Amino acid sequence: MTSHSKIENDYSVSHISGESSDSRSIRALVALNAIVQTETEVSLLLQIRLRAAADRLMDCEKLQSSRTAIGLTCSMFFALVLHAIPPCIEPGPASSAALHRIQQRSRRYVRLASESTANVARVCGAQLSLLMQRGPPSCERFILTAGCSAHVNALLHRVAASRMHFTLIVLEASPSGEGHATASFALEMGVPVRMMEPSAAARAMSYVALVLCGGHAVDSSGGVYAPIGTLTTAIVAQEHSTPFCVVAPHYCFRLGESTPLDLCDATEREELHSLGVRHDHTKIDHTPSTYIHTYFTDLGALSPAAVADFLFSLDHSLLCET
């Protein structure tokens, strides 16, 4: 087994039951970084090998939503780490210097991702507590979320540890859905939980203090790519004047508005086409910045406009080792 195959095999066999998509995405980045660190020269073959490895890492996932999330994360890794590979470079000092820069960027990017869960909770726990303190002090506070996000769970844990009392409403339609992992996590913290069908979000929104969701990628307009149903929940929240907040560390920020999305389960689409029926098995949607109240990031609590400004001024050198 080659070193690259071993790295991918280690990733595929280390699946943790109940692990969220963003945690899996971070481990995919660790696997890609391990490949970069084993390279001895810079060439276009490096990009080919890494993209092939990313495809194989996605193939390890059983859920289409996890495959899409990992695909987005790998795409950001390629854009921010590998963009500086020259189209033609001869072996020598220039090649060694380019490889050194790429390996530095890769290590820094993965370090940012690996530390992001703890940093988001540490930086934004107090801001979330303040936002929750709407209404009379005696009023029972509710937070609404959906699916399972390691960043959301870490932030909720921080708030619960500060003795802020609240009830968590989890939207989940599937008996095997990720929302059950979030509910179990909250119960272990001693936080009361209510499970609801996503279609019941409008019924609950009138007494919810805020909505908290995770995101896979944030574009330069301040919008977020997140699990399907996020946009619907955001529209309902805006109708009820309920703050809709997204937890997304800044390694998820993308340069440019376009995001390559493989949104459809090709196998299911092909089978249904044979019956003359078109069915798009969409797992990710895009929520525009107009519906988002606050981003909770490892840089602090930011408005969508502040995120857009950050991305506008972002230079690739921010990911270089200083």
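Which residues have the most contacts inside the largest nonpolar core? This is a predicted model, where local features need pLDDT of at least 70, side-chain atom pairs count only at pLDDT 80 or more, and totals for chains, interfaces and linings use all residues. Residues are numbered from 1 along each chain as its sequence is written, and side-chain values use heavy atoms, with hydrogens and water left out.

The largest core has 33 residues, and those with the most contacts inside it are Leu29, Leu32, Leu50, Phe77, Phe78, Tyr109 and Tyr251. A nonpolar core here is a set of buried Ala, Val, Leu, Ile, Met, Phe, Trp, Tyr and Cys residues joined through side-chain atoms within 4.5 Å. Buried means under 20% relative accessible area, with a 1.4 Å probe and protein chains only. A second, separate core of 26 residues includes Val208, Val224, Ala234 and Val246.

Next, strand 4. Strands are DSSP runs of E, at least two residues, numbered from the N terminus. Strand 4, residues 210-214, has 5 of its 5 residues buried, so it is largely enclosed by the rest of the structure. Leu210, Leu212 and Gly214 point one way from strand 4, Val211 and Cys213 the other.

What does strand 4 pair with? Strands pair if DSSP finds at least two bridges between them. Strand 1 (residues 142-146) pairs with strand 4 in the parallel sense over 2 bridges, with Ile143 opposite Leu210. Strand 7 (residues 244-247) also runs parallel to strand 4, joined by 4 bridges; there, Gly214 has Val247 as its bridge partner.

Last, the cysteines. Disulfides, meaning cysteine sulfur pairs within 2.5 Å, number 0 in the whole structure. For Cys213, the nearest cysteine sulfur is that of Cys245, 8.7 Å away. Cys213 counts as buried because its relative accessibility is 8%.

Conventions: Buried means under 20% relative accessible area, exposed over 50%, partly exposed in between (1.4 Å probe, protein chains only).
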